[in-house]
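User: Could you walk me through this model? I'd like to start with the ligand and then move on to the aromatic rings.

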Amino acid sequence: MRYISTRGQAPDLAFEDVLLTGLARDGGLYVPDAWPQLTPQAIAAVAELSFADAAATLIAPFAGDIDRDALSEMTRRAYARFDHQAVAPLRELGDGHWLLELFHGPTLAFKDIAMQLLGQLFDHVLAQRGERVTIVGATSGDTGSAAIEACRDREAIDIFVLYPHNRVSEVQRRQMTTVAADNVHAIAIEGTFDDCQALVKAMFNDHAFRDRQRLSAVNSINWARVVAQIVYYVTAAAALGAPDRQVSFAVPTGNFGCAYAGYAAARMGLPMARLIVATNRNDILHRFFDGGGSYQLGPVHATQSPSMDIQVASNFERLLFDLAGRDGATVRGWMAELSEAGGFRVGNAELAEARRWFDSHRVDEDSTSETIRAVHADSGVLVDPHTAVAVRAARELAPAAPVVVLGTAHPAKFPDAVERATGVRPALPAHLADLYQREERFTVLPNTLAAVEAHIEDIQSKA
Ligand SMILES: *Cc1c(COP(=O)(O)O)cnc(C)c1O
C-alpha cells in the first residue's frame, strides 16, 4: 500500500516514511491510496481475538512493509501496559447504549491507544534504519503526557514537551513531570499554550536546528495514530454481533482523529448504522454537517471538555479529500479559502456524501453536566465531560441500537467537573494513586526560541 497527500503535490510514500514524516511536504495529510476491505468472516473472527492480536490483524494491511511477527510483538507490548485485560472493554449503560472504555492506558485517556503503539513503531523503524529522532511537541495537557508515556525509555527517541507554566491542571502536569526516564524532558514555558505551539513551529522552521536535532512529531495528524484507532471500532462492533448486526457509534470530537477512524472502519466494510460526531460549544464540525456544508472558523471557547476546545479540526482534511473525489486541487482550493477568508463551503453533492456517513450534534455546558449527573443516577457509572458530550448526542439523536458511545477519558482525569455534577469525587486508579507523592522534574524557560533551542542542544550534547 502507498500513501498519497490530500493536496496532491507531494511524493507518495510507504507506511514507514509516512510514520516518520507526519505532514506531507505540500502541507497536506497522507491517506492510503485505497481502503483495504474486511470480509464478513474477518469481522466475525475479530470477536475471538485479544485486543492486541486484533490490532495486529487489522493494521497489517496498512503496514505492508513491516514484518507481521514484529507487528504482533509491538501490539502486544503496546497494550500490555493497560490496566484492563480487555484493553477496551464495553460496559452497558441501558436502553441498548454501551460505553466503550478507551481510558485504561497509562495516562487515562484514549490517546494512549494510538500513542503506545506509535512509540513501538517509531523505535522499530528507527532501529532498523540506525537513526535517532528528537520528538518535540506542545501540549495543553492530555497529548503531552500520552506522548511522554509512549516514548519513555525508547532507545532511539528523546522527547521534549512544552506546556504553559502554571496553566495546566495538577494531574496533567504531574503526569508529565514525574516520569523517571532519562529521555523525557518536560519544559514549562512562561507563556500560553499558543506560545508553546508557536515555539514548536519555529523550531521546525529553523531548518539548521531541525536537521541537526532530527526533529520529529507525534501529533494527531500522524497516519499511524489514525490507523490504531480503527481497531476499537471493529472490536466493539464484533463484540456486539457484527457483521450480522449493524452498530451505531457516538464520538466526542475535537481534531476529528477518532471520528475519522470510525469513517475509515466503515469504508473498510464494517457495517455501521450511524456515526455521530458529538461536539461541545466549539461546534465547527456540527455546523458543517448540520448547516449546509459551510466550514467557518469562529472563536475558541473554554469548556469542561478542554481536549475538544479546538477550531481547526486537522484530520477533517482527510474526509474532505474523499468528498472531493480524491482531487488534491479541490482540497487545495478549500484550504486556501480557509486561510485567506476563514472558511469555505462545499457543494451540495459533497455535503450529501458527508451526511451519508455522519450525523452530528452539539452539546452545551449545562447539558454536559446534566448528562454526567443523569448517567450516574441511572446506571451508577461516572463519565468524564468529554464522554458525556457523546452520551448526550446519542440520547438526543437516538439511532438504532446497539449504540456504542466512545469513552475517551477516565472520570478521575477531570475530577472537578464530575464532582460538581454528581457530588462524587472519582478516585485515581491504583497505578496512579501515588501521583501526588512522586518527585517532579521539569525546567522553566522564558518564552523565546533561543532559550528553548539552547536548552535542547545542551541536553542532547550531554547525552
Ligand atoms: C483528544 C480527545 C478527544 C478528541 O479526539 P479527536 O480525535 O481529537 O477528535 C476527546 N476526548 C478526549 C478525552 C481527548 O483527549
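Analyst: What follows covers the ligand and then the aromatic pairs. This is a predicted model, in which local features need pLDDT of at least 70 and side-chain atom pairs count only at pLDDT 80 or more, while totals for chains, interfaces and linings use all residues. Residues are numbered from 1 along each chain as its sequence is written, and side-chain values use heavy atoms, with hydrogens and water left out.

User: How many residues surround the ligand, and which are the closest?

Analyst: The ligand is surrounded by 14 residues, each with a heavy atom within 4 Å of it, and the closest are Lys 111, Gly 254, Asn 255, Cys 258 and Thr 408.

User: What lies 2.8 Å from a nitrogen atom of the ligand?

Analyst: That is a polar side-chain atom of Thr 408, whereas a backbone N or O atom of Gly 254 lies 2.7 Å from an oxygen atom of the ligand.

User: How much of the ligand's accessible area does the protein cover?

Analyst: The protein covers 96% of the 380 Å² that the ligand has on its own, by the Shrake-Rupley method with a 1.4 Å probe.

User: Switching topic, how many aromatic pairs are there?

Analyst: The whole structure has 21 aromatic pairs, meaning rings of Phe, Tyr or Trp (its six-membered ring) with centres within 6.5 Å, where planes under 30 degrees apart count as stacked, over 60 as edge-to-face and the rest as tilted. One of them joins Phe 256 and Phe 358, whose ring centres are 5.5 Å apart with planes at 50°, so this pair is tilted.

Methods:
Polar contact = N/O pair within 3.5 Å; in protein donor to acceptor, adjacent residues only side chain to side chain.
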